[in-house]
Amino acid sequence: MKTKKVPLRMCTGCGEMYDKRTLVRVVKTPQGDVQLDLTGKLSGRGAYVCKNVDCLKKARKKRAFERAFGLQIEDSVYTRMEEEIHNAQ
């Protein structure tokens, strides 16, 4: 039998490679909004982060999402994403 290939993605916070399903997708929508995509199906440019607040804080400190999306992200967006990750656990 042929085994199915598991897609891997890199966490923007810690830089480790993980199974795509274990990470949370952060998406820049075509309208330019940045938000968490817990389903992984929203349209737009995506970047991935682990499902813990520490990795999100590391990505924020490194400005990884701002580089990935090419725009300035406000502090309110980061705090909303932290709350959503905390509530999803």
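Reply: Let us begin with a definition: a residue is buried under 20% relative accessible area, exposed over 50%, and partly exposed in between, with a 1.4 Å probe and protein chains only. The model is a predicted one, in which local features need pLDDT of at least 70 and side-chain atom pairs count only at pLDDT 80 or more, while totals for chains, interfaces and linings use all residues. Residues are numbered from 1 along each chain as its sequence is written, and side-chain values use heavy atoms, with hydrogens and water left out.

Me: Why is cysteine 11 called buried?

Reply: Cysteine 11 has 0% relative accessibility, and therefore counts as buried.

Me: What makes the buried residues of helix α1 line one face?

Reply: Helices are DSSP runs of H or I with at least four residues, strands are runs of E with at least two, and both are numbered from the N terminus. Helix α1 covers residues 53-62, and its buried residues are Val53, Cys55, Leu56 and Ala59. Seen down the axis of α1, these fall within an arc of 160°, so they line one face of the helix; the arc is that of the directions from the helix axis to the C-beta atoms. On the other side, Asp54 and Lys61 are exposed.

Me: What covers the buried residues of α1?

Reply: The cover includes β5 (45-49), α2 (64-69) and α3 (75-88), where contact means heavy atoms within 4.5 Å.

Me: Why are strands β3 and β4 said to pair?

Reply: Two strands pair if DSSP finds at least two bridges between them. Strand β3 (residues 24-28) and strand β4 (residues 34-37) have 4 bridges, in the antiparallel sense, and therefore pair.

Me: Why does arginine 25 count as buried?

Reply: Arginine 25 lies in strand β3 and has 10% relative accessibility, so it counts as buried. Among the residues that arginine 25 touches are Leu42, Gly44 and Tyr48.

Key: Lists of a residue's contacts leave out its neighbours within four places in sequence.
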